[in-house]
Amino acid sequence: MATQLIECVPNFSEGRNADIIDRIVAPFRNNQNVKLLDYQPDEDHNRLVVTVLGEPARLIDCLMAAVTQAVALIDMNNHRGHHPRMGAVDVVPFVPIRHMSMAQAVTVARQVGNVLADRFSLPVFLYDQAATAPERKNLSTIRAGEFEKMPEKLKQAVWKPDFGPAKIHPTAGVTAVGARNPLVAFNVNLNTNRLDIATHIAKAVRFKDGGLRYCKAMAVPLKTKNQVQISMNMTDFSQTALYRTHELIRTEARRYGVSISGSEIVGLVPMAALIDSAAYYLGLSQFSVDQVLETHLLPE
């Protein structure tokens with residue numbers, strides 16, 4: 001039987017304390033059952049994004065060990081950062097990679113949500129493809145109000161968690177678990193420290209304010225760099241290309257006499273997303289992923 005592989009990209013609300021970060025990541029390190037693909041702490045966002053790959057059952061075992069550390073070590077009452085958040089284990093998305101359907105990834109997400117609620121007394125919401133109601137499909141809708149306003153939000157019948165108690169965990173808050181397609185976390189930095197400019201640009205770029213269809217964006221101050229950032233989630237890079245988003249930000253920035261100082265990818269990115277942008281900037285005609293040497297060397 002073919003081995004199923006699923007990707008998990010848990011986001012933890014800690015990006016500054018190296019000891020806590022190490023203890024959260026430790027269950028994924030040097031583990032023959034899963035592959036730790038990437039982990040990136042961010043001081044300004046005060047957030048840790050981990051990317052792991054493995055067979056569902058074995059990956060879940062490692063995930064629970066990491067969650068145990070996060071729930072024990074992160075106190076959301078003291079958490080401050082520029083990324084929206086509602087819990088220590090803020091969001092746990094699953095992405096089907098090989099020999100898995102989206103329906104199977106949804107089953108995994110719901111299994112994990114149930115276990116998180118039962119084992120850690122966490123209120124858990126299911127989102128995206130695993131959502132149990134239309135208003136819960138969008139993660140930002142669930143997370144609206146963040147940790148500070150969740151106690152009152154959870155009192156509303158419409159916001160009864162899918163699993164767990166209808167009250168926040170006193171230190172670990174609330175968790176969302178979902179199943180989704182590959183997402184690209186794409187950030188663009190600006191040569192200015194004016195947050196108002198970044199806010200105007202983010203509104204011009206993101207879909208909910210009339211911008212690009214598969215782009216979610218917000219303005220973030222980067223105190224460590226004395227700059228501001230357009231922090232984005234590209235939910236379907238095949239429909240809204242990275243280069244198109246980058247060029248729109250560049251155009252909008254010119255209105256304010258501001259330039260782009262650089263960009264970054266958080267976590268992993270599908271090769272096709274980068275090839276698409278490389279083809280645009282190099283002016284390549286009818287270039288495809290099949291023309292990349294390394295794609296013919298990767299094992300099935």
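Biologist: Which residues is Asn189 in contact with, once we leave aside its neighbours within four places in sequence?

Modeller: Contact means heavy atoms within 4.5 Å. On that basis Asn189 is in contact with Leu222, Lys225, Gln227, Val228, Gln229, Ser259, Ile260, Ser261 and Gly262. Bear in mind that this is a predicted model: local features need pLDDT of at least 70, side-chain atom pairs count only at pLDDT 80 or more, and totals for chains, interfaces and linings use all residues. Residues are numbered from 1 along each chain as its sequence is written, and side-chain values use heavy atoms, with hydrogens and water left out.

Biologist: Where is Asn189 found, and is it buried or exposed?

Modeller: Look in strand 8, residues 184–190. Helices (H or I, at least four residues) and strands (E, at least two) are DSSP runs, numbered from the N terminus. Asn189 counts as buried because its relative accessibility is 6%. The cut-offs are under 20% relative accessible area for buried, over 50% for exposed and partly exposed in between, with a 1.4 Å probe and protein chains only.

Biologist: And Ile142, what does it touch?

Modeller: Ile142 sits in helix 4, residues 139–143, and counts as buried at 0% relative accessibility. Not counting residues up to four places away in sequence, Ile142 touches Met86, Phe125, Leu126, Tyr127, Arg136, Met150, Lys153 and Trp159. Take Lys153: from Ile142 that's 11 residues in sequence and 9.7 Å in space, C-alpha to C-alpha.

Biologist: Where is the place of Glu14?

Modeller: In the loop between strand 2 (11–12) and helix 1. Despite being a Glu, Glu14 counts as buried, at 11% relative accessibility. Leaving out residues up to four places away in sequence, Glu14 touches Ile20, Ile21, Asn46, Arg47, Leu48, Ile74 and His79.

Biologist: How do I read a helix pair, and at what angle do helix 1 and helix 2 cross?

Modeller: Two packed helices are described by the angle between their axes and the distance between the axes. Here the axes of helix 1 (residues 18–25) and helix 2 (residues 56–73) come within 7 Å and cross at roughly 150°. So helix 1 is roughly antiparallel to helix 2. Angles over 145 degrees get that label, under 35 is roughly parallel, 65 to 115 roughly perpendicular, and the rest oblique.

Biologist: Which residues in helix 1 meet helix 2?

Modeller: Ile20, Arg23 and Ile24 do, against Ala66, Gln69, Ala70 and Leu73 in helix 2. The contact divides into 5 nonpolar, 1 polar and 1 charged.

Biologist: What about phi: which value does Asn226 have?

Modeller: Most residues other than glycine have a negative phi. Asn226 has a positive phi, near 55°; its place is the loop between strand 9 (215–222) and strand 10 (227–234). Asn226 is exposed, with a relative accessible area of 52%. Gln286 also has a positive phi, about 55°, although it is not a glycine. Gln286 is in the segment after helix 8 (271–282) and is exposed, at 76% relative accessible area.

Biologist: Zooming out, how many helices and strands does the protein have?

Modeller: There are 8 helices and 11 strands. Of the 300 residues, 48% count as buried. Along its principal axes the C-alpha trace spans about 55 × 50 × 40 Å. Among contacts between residues at least 6 apart in sequence, 72% join residues at least 24 apart.

Key. Axes are lines fitted to C-alpha atoms, for helices over the stretch in contact, and angles run from 0 to 180 degrees between N-to-C directions. Ala, Val, Leu, Ile, Met, Phe, Trp, Tyr, Cys and Pro count as nonpolar, Asp, Glu, Lys and Arg as charged, and the others, Gly among them, as polar.
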